[in-house]
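Me: I'm new to reading protein models and would like to know where the words come from. Could you go through some of them with me?

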Amino acid sequence: MSPANAPSKFTVAILPLGDIVAWQIKLTEDVLKQEFGVNTIVLPPIEIPSQCFNAQKYGYRKTELLKFLFLQLPANTQRIVGIIKGAIEIEHKDNAYHICLGYANPYHRVAIYSVQNPAEQQCDQTENTTNQQCVYYHLIVHEFVHTLGVMHCGHPECAMNEYAYKVALCDNCRKWADRELKVQPGSVEERFSLAESFFTKNYLPQAIALYHEAITIAPREPLYYHRLSRAFYKQEQYEEAKEARRLEIEYSSEDEPGPYICGLTCLELEDGLNAIEKFFAKALAMTKNQQNMQKLIGQAYREILHDVERASRHYKEYLQLGGDDQDVIDWMISRGQLS
């Protein structure tokens, strides 16, 4: 999807996986519209590939399931919510499994929830809902909000509390969700975010196309050229990677020293966090423009790692040094980092 053809409003696709009853699909539509004010489209039902099911564990493999669902995301939508009859298996670090009724990967645009035997939990009642519908209501809100980058919340009355079947968000989670819902479809932020989703799933041609769309909107943003270069390199298009790297350097400020670029290169490594912090610390020690560097590092943590804690730490330094970018201020407020 090119920016010119993007929808004017945040749109969520609903995908029935198998034979899902009509009222369940309608409930999903109603919750998303009423709670978040989004457009919705209902896709034709689709069968789940057999490799997504773990017969030994009697549950669907969450990694395979979300990967399959991600590939069904229509070009003109920002998120997709799948509805499934079976339970979903989650593997813990100790290799033990447990079954859950919903799952989502923050920032990867995909959520799924199960309609099989919902737990009989007590939760806030809403008009014209049964207790069973209330549990589904919670699952839809909880998993969809995860796709907006909101993690679990400790507030006892919040829908993002994983141990309480509530249907409303606390003020802080609502601010965060609203901030993400305001990202304009087709905007540079939306294009870059989607490119990152494809990149992390190793769908490189799609990622490259979306990085190019982001660059079309913001042609002088070094970070976008850097990520494009990495995608080309992973796809073994070395000449294209070299050219993207040249443009990254061309549009980089002289206040962006080498260690900052090295830190960016480490961002995609699962075990690279210590190296990232060391490189960024060196960059801060070398630069003459502390304010700009703090903002750049905050942006990297925010847009690539989605690390609220580290992004906030550097954004706070940026603001204390006199920075006044309204986008940074709004983001910090929506995350509860500024009053």
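Me: What makes the stretch around His-314 a helix, and which one is it?
Reply: His-314 sits in helix α12, residues 308-320. Helices here are DSSP runs of H or I with at least four residues, strands are runs of E with at least two, and both are numbered from the N terminus. The model is a predicted one, where local features need pLDDT of at least 70, side-chain atom pairs count only at pLDDT 80 or more, and totals for chains, interfaces and linings use all residues. Residues are numbered from 1 along each chain as its sequence is written, and side-chain values use heavy atoms, with hydrogens and water left out.

Me: Why is His-314 called buried?
Reply: Its relative accessible area is 10%. Buried means under 20%, exposed over 50%, and partly exposed in between, using a 1.4 Å probe and protein chains only. Therefore His-314 counts as buried.

Me: Which residues is His-314 in contact with, leaving aside neighbours within four places in sequence?
Reply: They are Leu-284, Gln-294, Ile-297, Gly-298 and Tyr-301. Contact means heavy atoms within 4.5 Å.

Me: Which residues of helix α9 are buried, and what covers them?
Reply: In α9 (residues 258-266), Pro-259, Tyr-260, Ile-261, Gly-263, Leu-264 and Cys-266 are buried. The cover includes α7 (222-234), α8 (238-251), α10 (273-286) and α11 (290-305).

Me: Which residues meet where α7 and α11 pack?
Reply: Leu-223, Tyr-224 and Arg-227 in α7 meet Gln-299, Glu-303 and Ile-304 in α11.

Me: What makes β2 and β8 edge strands?
Reply: An open sheet is formed by 5 strands in the order β2-β1-β5-β9-β8, with mixed pairing. β2 (39-42) and β8 (102-105) are its edges, since each pairs on one side only.

Me: How do you know that β1 and β2 pair?
Reply: Two strands pair if DSSP finds at least two bridges between them. Strand β1 (residues 11-17) and β2 have 4 bridges, in the parallel sense, so they pair. Thr-11 stands opposite Asn-39 in β2.
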